[in-house]
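Please look over the sequence and the model before reading on.

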Amino acid sequence: MILKQPGQKLSLRALEPEDLDFLYSIENDAELWDFGCANVPYSKFSLNNYIVGSTCDIYADKQMRLLMENEEGKAVGLIDLFNFEPKHQRAEVGIVVAREYRNMGYGHEALMQIVAYARHTLHLHQIYAFVDEENDYSKKLFEGAGFTAGPRLKDWIQKDGHYGDAVMMYFFM
């Protein structure tokens, strides 16, 4: 658990082997592939190897994937810090909330917790995300967590046979 305060309805924790089915469902949701770099399905074998092989040390792995778990102990999403650059004290953040748990405040709470963790534990200077310019929900989510919209990146995201722009969202500690 990371920085869960009284009254918060969400815990962030390292992935466990029993999270394999949830991870498999998220990673193999083709509708989410436009928002990341994946474009092929993952096998349970490869995802299990990822879970088992992770050191849970961002300095060793250059990334950290955390499961978002609600008060009932249900997996509701994933949040990642990746492209970690210790020299420059920055990392990229990615987040996905399972469809049935969207619009319940979990995304906002997870971003607030990861910002606090990045600031107080990792001592980062900056975290950032690239958001599809047409994804108003994600832009609103990041802005609500204190991120600032930065440069517009022309033709940054390829989807459905055409290119779309992205906005860099950043948060300075």
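**Charge and surface**

The mean positions of the 17 positive and 26 negative charges of the chain lie 4 Å apart. Lys and Arg count as positive and Asp and Glu as negative, while His and the chain ends are not counted; the place of a charge is NZ of Lys, CZ of Arg, CG of Asp or CD of Glu.

This is a predicted model, in which local features need pLDDT of at least 70 and side-chain atom pairs count only at pLDDT 80 or more, while totals for chains, interfaces and linings use all residues. Residues are numbered from 1 along each chain as its sequence is written, and side-chain values use heavy atoms, with hydrogens and water left out.

- Of the 173 residues, 44% count as buried (under 20% relative accessible area).

**Fold**

- The chain has five helices and seven strands (DSSP runs: H or I of at least four residues, E of at least two).
- From the N terminus, their order is β-α-α-α-β-β-β-α-β-α-β-β.
- The C-alpha trace spans about 40 × 35 × 35 Å along its principal axes.

**Core**

- The largest nonpolar core has 44 residues, and Ile-114 and Phe-147 have the most contacts inside it (buried Ala, Val, Leu, Ile, Met, Phe, Trp, Tyr and Cys joined through side-chain atoms within 4.5 Å).
- Helix H4 (residues 106-120) gives the most to this core, with seven residues.
- Leaving out residues up to four places away in sequence, Ile-114 touches Leu-12, Met-64, Leu-66, Ile-79, Leu-81, Val-93 and Ile-127 (heavy atoms within 4.5 Å).

Key: Buried < 20%, exposed > 50% of the residue type's maximum accessible area, 1.4 Å probe, protein only.
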